[in-house]
Amino acid sequence: MPGVEDGTWSCPHEVVPGFDKCPFHLPVADRPPELDVTAEFLQRIEASRELASRTAKRRKLQFIDATFESFDIAGETVDPGTNYGINLAHATLAGVDLTDTRVNKQIRFSHATFEGASRFWNAQFNGFVGMRDAEFQGPALFRGATFDRPVNVKHGTFHDDVYFWYTVFRRHANFRDVDFQGYAYFRGVDFDNYVRFSQARFHDEAFFKLGEFGDDADFINAQFDGPHSFIDAEFERTTDFSGVTASGPMDLSGATLETLEMTPEKIDGATQFVDLSGSVIDAGELGQPDEGAILYDAQQATLGDVAVTTPHNEPVIEHIRLLSTNFDGFEFESDDLDPESAGWRLHSVFDVSLLPDDSRESPSPAALRETYLNAKNGAKQVGNTAAAGHFYYKEMTYRRKHLADLVSTRQGDGLKTGFAWVRNMTLNIVTGYGEYPLRVIGTSMGAVIGFAALYEIVGGTETSAADSVLFSFQSFITFIVGSPPQDTTQVVAVISSFEGFVGAFFIALFVYAFTRRLDR
């Protein structure tokens, strides 16, 4: 860097008359009342434009280790007219106000100290902005600021609240290893390019609601000590939360994510809650930590090719809440998920107390019917016919319970709802909704014995029980009336014909159920 000899940098600026230091390095207590350091700063930048030497221009833009008791350049346009940026490294700046300021070239605040509140409202930076190792001792306000070139805040420290709401980062933004000791507010921020929060630490709440992430978002090994919210955010590429350590709940409700990688190594405490309700996740992985457990709530979410994994041996089906969830390429059966181990129940969770208060009650039969209908369709989409069959059984079961609720509360369509319940119940008893062909055999045997008993009652002659069962069986498997016992009445012949009609239906049901099982 120009101005450095034997490891020591020398100031390029003229001294204040009567003093041995320039305006920027003269101690604040020694500065004359008429000395306006900020005005001097702007004048030196403007004067640098007239210099012919590149080295001289670059030297004039060096304000290293300067002290500003009031860095108020609100509404100014700062343009040194050279590719060399303004260097405020190690500077101490108080009363910072860049409201509506336009900086046309790069500016560096590396290792700088910002005292008190720092305002960057609607500021526009057309060049690189370097804030590496910068320290903000008061609130930092970046509302509406626009950064057209890369921003580097790596290793920075925000001792107070920081507000980046509706800020636009058009190029790479680096917040790696930044220490957010206060409230980190990133509402409605546009990250048009790659953004990096790896190893950052959020001591208080982190709020990224309505954020738009146009490229990869890196939160690898970040630490969240409080709630962290990404409500309704949009992530167009890979969002990586691998190795994240969190003690507060994470809210990704309503978010849209192309790829979500969430494989935390550990969490603070025994459990953590991640709200994915209403979100759309095209692909990714939802993992469990080595110690502790995470509950993912995917109510009304849309899950694509998303793997639910665990480093342990037990299945994790109860670690994700699937209620009114849509499935688009989701694999239900895996070594880690394994819904069969839970009796194909998708909506049960290992700890209901982790859910929000309004979600702890048992779901309604209507919601459960929708859940398993969606699961059935999702399983069919990926060719998992076995899972589709189990989910169909659950769907019809909760449909029956929903119809029963409508009948009991008189909210249904009168007799029509009642008959629908009867049909559903009958289909369950006789065929297990087509999933259990052995039920058809069992109910068929029951029907044969029932008709045999009826023949005993109305036959009018004394016959053995074996003859009645045989006659009933013959009638059941054919439309042609079997050979009745001698001297029986015409009534027996009519009942026998009716039994043959019923038997034909049972045979058809058996073929239907057996074929469905073969297709599995």
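Select leucine 438 to begin; this residue lies in helix H6, where helices (H or I, at least four residues) and strands (E, at least two) are DSSP runs numbered from the N terminus. Leucine 438 is exposed, with a relative accessible area of 68%; exposed means over 50%, buried under 20%, and partly exposed in between (1.4 Å probe, protein chains only). The model is predicted: local features need pLDDT of at least 70 and side-chain atom pairs count only at pLDDT 80 or more, while totals for chains, interfaces and linings use all residues. Residues are numbered from 1 along each chain as its sequence is written, and side-chain values use heavy atoms, with hydrogens and water left out.

Together with Leu438 they form a nonpolar patch on the surface, with about 650 Å² of accessible area. Areas come from the Shrake-Rupley method with a 1.4 Å probe, and for residues only the protein chains shown count as cover. Patches are made of residues with over 30% relative accessible area and no salt bridge; like charges are joined within 9 Å, and nonpolar side chains (Val, Leu, Ile, Met, Phe, Trp, Tyr) within 5 Å. A salt bridge is a side-chain nitrogen of Lys or Arg within 4 Å of a carboxyl oxygen of Asp or Glu. Helix H6 (437-458) and helix H8 (490-519) each supply at least two residues of the nonpolar patch, and H6 gives the most, with three.

Now select Glu212, Asp232, Glu234, Glu236, Glu258, Asp282 and Asp328, which gather in a patch of negative charge on the surface. Asp and Glu count as negative, Lys and Arg as positive; His and the chain ends are not counted. The place of a charge is NZ of Lys, CZ of Arg, CG of Asp or CD of Glu.

At 38% relative accessibility, glutamate 234 is partly exposed. Opposite glutamate 234 stands threonine 256 in E34. E31 and E34 (residues 256-262) pair in the parallel sense over five bridges; two strands pair if DSSP finds at least two bridges between them.

Continue to E36, which pairs with E34 in the parallel sense over six bridges. Select leucine 286 in strand E36 (residues 280-286); its bridge partner is methionine 262. Leucine 286 counts as buried, at 1% relative accessibility.

Finally, select the open sheet of 10 parallel strands, ordered E10-E14-E18-E22-E26-E30-E33-E35-E37-E39. Strand E10 (118-119) and strand E39 (320-321) stand at the edges, each with a single partner strand, so one side of each lacks a neighbour in the sheet.
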